[in-house]
Amino acid sequence: MARWYIIHAYSGFEGKVRDAIMSEATRLGLEQLVEQIEVPTETITEARRGKKIAVERKFMPGYVLAKLNMNDDVYHLVKNTPKVTGFLGSMGKPQAISEAEATRMLNSKEEA
């Protein structure tokens, strides 16, 4: 069963980490274990030079949400991805978050 995990990544490289994990999973034949990878963003309206512009911002810089069927291969795939520092959890062990918490994080961009 797939569960949501939070991955620590270098700030500013969240999109590249998402793409690297997906391409590496495809290369290794693990794409069925990596269901979804999202960078939590929100849309904000800013005023620039008197005009309102919609800007997309990361509201959790340095973090990527991933829905994974965790096993040793998936763990090492993510952990060995460039620009990834590890998973959220104690003692290096990945700690899954609840489905409701992941939904709240991903849907908060509509609330902004």
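**Reading a predicted model, residue by residue**

Q: In this predicted model, why does Arg 49 count as exposed?
A: Exposed means over 50% relative accessible area. Arg 49 has 87% relative accessibility, so it counts as exposed. Arg 49 is placed in the loop between strand 3 (41-48) and strand 4 (51-58).

Q: What makes the phi of Arg 49 worth a look?
A: Most residues other than glycine have a negative phi. The phi of Arg 49 is near 50°, a positive value in a residue that is not glycine. Lys 83 also has a positive phi, near 75°.

Q: Why is Lys 83 called partly exposed?
A: The label partly exposed falls between the cut-offs of under 20% for buried and over 50% for exposed. Lys 83 has a relative accessible area of 35%, so it is partly exposed. You can find Lys 83 in the loop between helix 2 and strand 6.

Q: Which residues have the most contacts inside the largest nonpolar core?
A: They are Ile 7, Ile 21, Val 34, Leu 68, Val 78 and Phe 87, in a core of 20 residues. Strand 1 (3-9) and helix 1 (14-28) are among the elements that give two or more residues to this core. Helix 2 gives the most, with 4 residues.

Methods: Residues are numbered from 1 along each chain as its sequence is written. This is a predicted model: local features need pLDDT of at least 70, side-chain atom pairs count only at pLDDT 80 or more; totals for chains, interfaces and linings use all residues. Side-chain values use heavy atoms; hydrogens and water are left out. A nonpolar core is a set of buried Ala, Val, Leu, Ile, Met, Phe, Trp, Tyr and Cys residues joined through side-chain atoms within 4.5 Å. Buried means under 20% relative accessible area, exposed over 50%, partly exposed in between (1.4 Å probe, protein chains only).
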